[in-house]
Amino acid sequence: MARGLKKHLKRLNAPRHWMLDKLGGAFTPKPSSGPHKSRECLPLILILRNRLKYAPTYREVIAILMQRHVMVDGKVSWDPMIKSLCALV
């Protein structure tokens, strides 16, 4: 029996506003705990990879974040799973 919080999130159980395709794999990034609600946010990796198309892979998103050019809520962020509120139109 597993103890503690789940560390994985299946793609089909992800919130619908993330707009993930069903056939893109079995899992999706699970947001880490933070100040924003899970249902009203996007993980930073989904913003950089899927929405803005800055990087095609998870590994390249990590490389971008480790350069410390990305700020979330006025702070430099290097956690790819951090929750961030954004209004991308």
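1. V76 and its strand. V76 sits in strand β5, residues 75–76. Strands here are DSSP runs of E with at least two residues, helices are runs of H or I with at least four residues, and both are numbered from the N terminus. V76 is partly exposed, because its relative accessibility is 36%. The classes are buried for under 20% relative accessible area, exposed for over 50%, and partly exposed in between, with a 1.4 Å probe and protein chains only.

2. Basis of the note. The model is predicted: local features need pLDDT of at least 70, side-chain atom pairs count only at pLDDT 80 or more, and totals for chains, interfaces and linings use all residues. Residues are numbered from 1 along each chain as its sequence is written, and side-chain values use heavy atoms, with hydrogens and water left out.

3. Areas come from the Shrake-Rupley method with a 1.4 Å probe, and for residues only the protein chains shown count as cover.

4. Overall fold. The protein chain has two helices and six strands. Read from the N terminus, the order is β-β-β-α-α-β-β-β.

5. Size and surface. The C-alpha trace spans about 40 × 30 × 25 Å along its principal axes. The accessible surface comes to about 6,800 Å². Carbon and sulfur atoms hold 58% of that surface. Of the 89 residues, 30% are buried.

6. Contact range. Take the contacts with a separation of 6 or more: 44% of them link residues 24 or more positions apart. A contact means heavy atoms within 4.5 Å.

7. The core. Which residues have the most contacts inside the largest nonpolar core? They are W18, L44, L48, V61 and L65, in a core of 14 residues. Helices α1 (44–51) and α2 (58–66) are the elements that give two or more residues to this core. α1 gives the most, with five residues. Such a core is a set of buried Ala, Val, Leu, Ile, Met, Phe, Trp, Tyr and Cys residues joined through side-chain atoms within 4.5 Å. Beyond its neighbours within four places in sequence, V61 is in contact with I45, L48, R49 and A55.

8. T28. This residue lies in strand β2, residues 27–28. T28 counts as buried because its relative accessibility is 8%. Leaving out residues up to four places away in sequence, T28 touches L9, K10, R11, A14, W18, L20 and L46.

9. The salt bridge. The structure holds one salt bridge. The side chains of D21 and R11 form this bridge, at 3.5 Å, N to O. D21 and R11 both lie in the loop between β1 and β2, so the pair ties together parts that are ten residues apart in sequence. The criterion is a side-chain nitrogen of Lys or Arg within 4 Å of a carboxyl oxygen of Asp or Glu. Are the two partners buried or exposed? D21 is partly exposed at 47% relative accessibility, whereas R11 is buried at 10%. In general, side chains of opposite charge can pair when their charged atoms come close.

10. Positive phi. Two residues deserve a look. M19 is not a glycine, yet its phi is positive at about 50 degrees. M19 is in the loop between β1 and β2 and is exposed, with a relative accessible area of 63%. K53, also a residue other than glycine, has a positive phi near 55 degrees. K53 lies in the loop between α1 and α2 and counts as exposed at 63% relative accessibility.

11. T57 is found in the loop between α1 and α2. T57 is partly exposed, with a relative accessible area of 36%. From T57 to P15 is 42 residues in sequence and 21 Å in space, C-alpha to C-alpha. L5 is in the segment before β1 (9–10). L5 is exposed at 77% relative accessibility. L5 and K22 are 17 residues apart in sequence, with 24 Å between their C-alpha atoms.
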